[in-house]
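Colleague: I have not looked at this one before. Can you put it up and walk me through a few contacts?

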Amino acid sequence: RKNLQIVKQYYNTNGFPGIKENGEETAMYFWVIVQHGDDDVVFQSKILKAMKKELNKENASRRNYAFLYDRVMKNKNKPQLFGTQMIWDSTGYHRPYIIKRIKNVNRRRIKYDLDNLENYINKVNK
């Protein structure tokens, strides 16, 4: 929570830390903190919008955007698009949280630098 407060202050002062201005490592650290800031879905949503703008400039990770998008949707009890968020099933294995238009999920995943859903599920359950 302390890290999330620091990230919020940074964002309010400096805006989104794009890859071009700050490097991949800094952008990744910022994203990791936001991704796990589930107590503040409003802030996660704000960063999601900022990331979307930066995607068009190739200044944010498409993969990280997909993970944050799905996390925000799950936190809002809405279907995800990319299948990155998992839940435990009754047999003790992870399975994807509800996916919107699941028929096209692998097509979306490829566009956002993600492996196909089947491989992802297998990796998560190893």
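Modeller: Keep in mind that this is a predicted model. A place to begin is K8, which forms a salt bridge with D40, with 2.3 Å between the closest N and O atoms.

Colleague: Where do K8 and D40 lie?

Modeller: K8 is in helix α1 and D40 is in the loop between α3 and α4, so the pair ties together parts that are 32 residues apart in sequence.

Colleague: Is K8 buried or exposed? And what about D40?

Modeller: K8 counts as buried, at 18% relative accessibility. D40 counts as buried as well, at 17%. The cut-off for buried is under 20%.

Colleague: How many salt bridges does a search of the whole structure find?

Modeller: It finds 5 salt bridges. One of them joins the side chains of D39 and R1, at 2.8 Å from N to O. D39 lies in the loop between α3 and α4 and R1 in the segment before α1, so this pair ties together parts that are 38 residues apart in sequence.

Colleague: What is the relative accessible area of D39? And of R1?

Modeller: D39 has 60%, so it is exposed. R1 has 77% and is exposed too.

Colleague: Which residue does D38 meet in a salt bridge?

Modeller: R71, with 2.8 Å from N to O. R71 lies in helix α5 and D38 in the loop between α3 and α4, so the pair ties together parts that are 33 residues apart in sequence. R71 counts as buried at 15% relative accessibility, while D38 is partly exposed at 29%.

Colleague: Let's switch to helices. At what angle do α3 and α5 cross?

Modeller: The axes of α3 (residues 24-35) and α5 (residues 62-75) cross at roughly 15° and come within 10 Å. That makes α3 roughly parallel to α5, because angles under 35 degrees count as such. The crossing is left-handed.

Colleague: Which residues meet there?

Modeller: From α3 there are M28, W31, V34 and Q35, and from α5 there are N64, F67, L68 and R71. The residues of this contact divide into 5 nonpolar, 2 polar and 1 charged.

Colleague: One more: where is R63?

Modeller: R63 is in helix α5. R63 counts as partly exposed, at 37% relative accessibility.

Colleague: What is R63 in contact with, leaving aside its neighbours within four places in sequence?

Modeller: Y112, D113 and L114. The C-alpha atoms of R63 and I110 are separated by 9.5 Å, and these two residues are 47 residues apart along the chain.

Terms used:
Residues are numbered from 1 along each chain as its sequence is written. This is a predicted model: local features need pLDDT of at least 70, side-chain atom pairs count only at pLDDT 80 or more; totals for chains, interfaces and linings use all residues. Side-chain values use heavy atoms; hydrogens and water are left out. Axes are lines fitted to C-alpha atoms, for helices over the stretch in contact, and angles run from 0 to 180 degrees between N-to-C directions. Helices (H or I, at least four residues) and strands (E, at least two) are DSSP runs, numbered from the N terminus. Angles under 35 degrees count as roughly parallel, over 145 as roughly antiparallel, 65 to 115 as roughly perpendicular and the rest as oblique. A crossing is left-handed if the near helix is turned anticlockwise from the far one by less than a right angle, and right-handed if clockwise. Contact means heavy atoms within 4.5 Å. Ala, Val, Leu, Ile, Met, Phe, Trp, Tyr, Cys and Pro count as nonpolar, Asp, Glu, Lys and Arg as charged, and the others, Gly among them, as polar. Buried means under 20% relative accessible area, exposed over 50%, partly exposed in between (1.4 Å probe, protein chains only). A salt bridge is a side-chain nitrogen of Lys or Arg within 4 Å of a carboxyl oxygen of Asp or Glu.
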